[in-house]
Amino acid sequence: LRVANTLVLGAAQVHRHMQTMRARQAIFARTGGTHAAALFDAEGTLLALAEDLGRHNALDKVIGHCLLHGVPSAGGCVLLSGRVSLEMVTKAARAGIELVAAVSAPSSMAIDAARRVGITLCGFVRGDRLTAFCHPERLRG
C-alpha cells in the first residue's frame with residue numbers, strides 16, 4: 001500500500017489547519033479531556049472533525065464520517081491532537097490520506113510506516129514550528 005503524491009501544502013497552512021481544529025474542539029473547551037482529529041482537503045476545506053476520549057477513536061470517527069457520507073479522504077491531510085501511533089498511520093494510509101500532522105510526537109514505528117507508505121508525517125505542530133519526520137517534499141516554506 002502506498003498513498004498518492006498529489007498534496008502540497010505550505011507549513012503555514014498546516015498551522016492554520018491546527019488552529020481551525022483547536023477552535024472547533026467544543027468538548028475539549030468545556031472539559032479539557034478529549035482528543036480530536038480533523039480532515040482537510042487539498043484546498044483547505046474542513047471535511048470532517050471529531051472528538052473522543054481516545055485519539056484512535058477520534059481518527060476512526062473522521063474516517064467513518066467520510067465513508068458514510070461519500071466524502072473523499074484520499075489526497076487530504078489529517079490533524080491530530082495527540083501522539084501518532086503505527087495504527088493511526090495505517091488507518092490514514094488505507095484512507096488515502098497523504099499528510100498526518102500532530103501536536104505531539106509520533107512513535108518510531110509510526111515514522112517507519114509513514115516512510116514506507118509515502119505519508120508526510122509531522123509532529124510537534126505548535127506555534128509556528130513543526131517537525132517533518134518523513135516525506136517533507138509535500139511541505140513548502
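1. Helix H1 buries Ala11, Gln13, Val14, His15, His17, Met18 and Met21, where buried means under 20% relative accessible area, exposed over 50%, and partly exposed in between (1.4 Å probe, protein chains only). Helices here are DSSP runs of H or I with at least four residues, strands are E runs of at least two, and both are numbered from the N terminus.

2. Before going on: this is a predicted model, where local features need pLDDT of at least 70 and side-chain atom pairs count only at pLDDT 80 or more, while totals for chains, interfaces and linings use all residues. Residues are numbered from 1 along each chain as its sequence is written, and side-chain values use heavy atoms, leaving out hydrogens and water.

3. The length of H1 checks out. At 1.5 Å a residue its 13 residues (11-23) should span 18 Å, and the end C-alpha atoms sit 19 Å apart, which agrees; the expected span is 1.5 Å times one less than the number of residues.

4. On to the nonpolar cores (sets of buried Ala, Val, Leu, Ile, Met, Phe, Trp, Tyr and Cys joined through side-chain atoms within 4.5 Å). The largest has 29 residues, of which Val78, Leu80, Val84, Val89, Val100, Ile119 and Leu121 touch the most other members. Elements that each supply at least two residues include strand S2 (35-40), strand S3 (46-52), helix H3 (55-69) and H5. Another core, of 16 residues, lies apart from it, with Leu7, Cys77, Val103 and Cys122 among them.

5. Have a look at Val100. Leaving aside neighbours within four places in sequence, Val100 is in contact (heavy atoms within 4.5 Å) with Val78, Leu80, Val84, Ala92, Ile119, Thr120, Leu121 and Cys122.

6. A search of the whole structure gives 4 salt bridges, each a side-chain nitrogen of Lys or Arg within 4 Å of a carboxyl oxygen of Asp or Glu. I'd look at Glu98 and Arg138, paired at 3.1 Å, N to O. This pair links distant parts of the chain, 40 residues apart: Glu98 in the loop between H4 and S5, Arg138 in the loop between S7 and S8. Glu98 counts as buried at 0% relative accessibility, and Arg138 counts as buried too, at 2%.

7. Asp52 and Lys61 also pair up, at 2.8 Å, N to O. Asp52 is buried at 16% relative accessibility, whereas Lys61 is partly exposed at 42%.

8. Asp112 is partly exposed at 38%, as is Arg115 at 44%.
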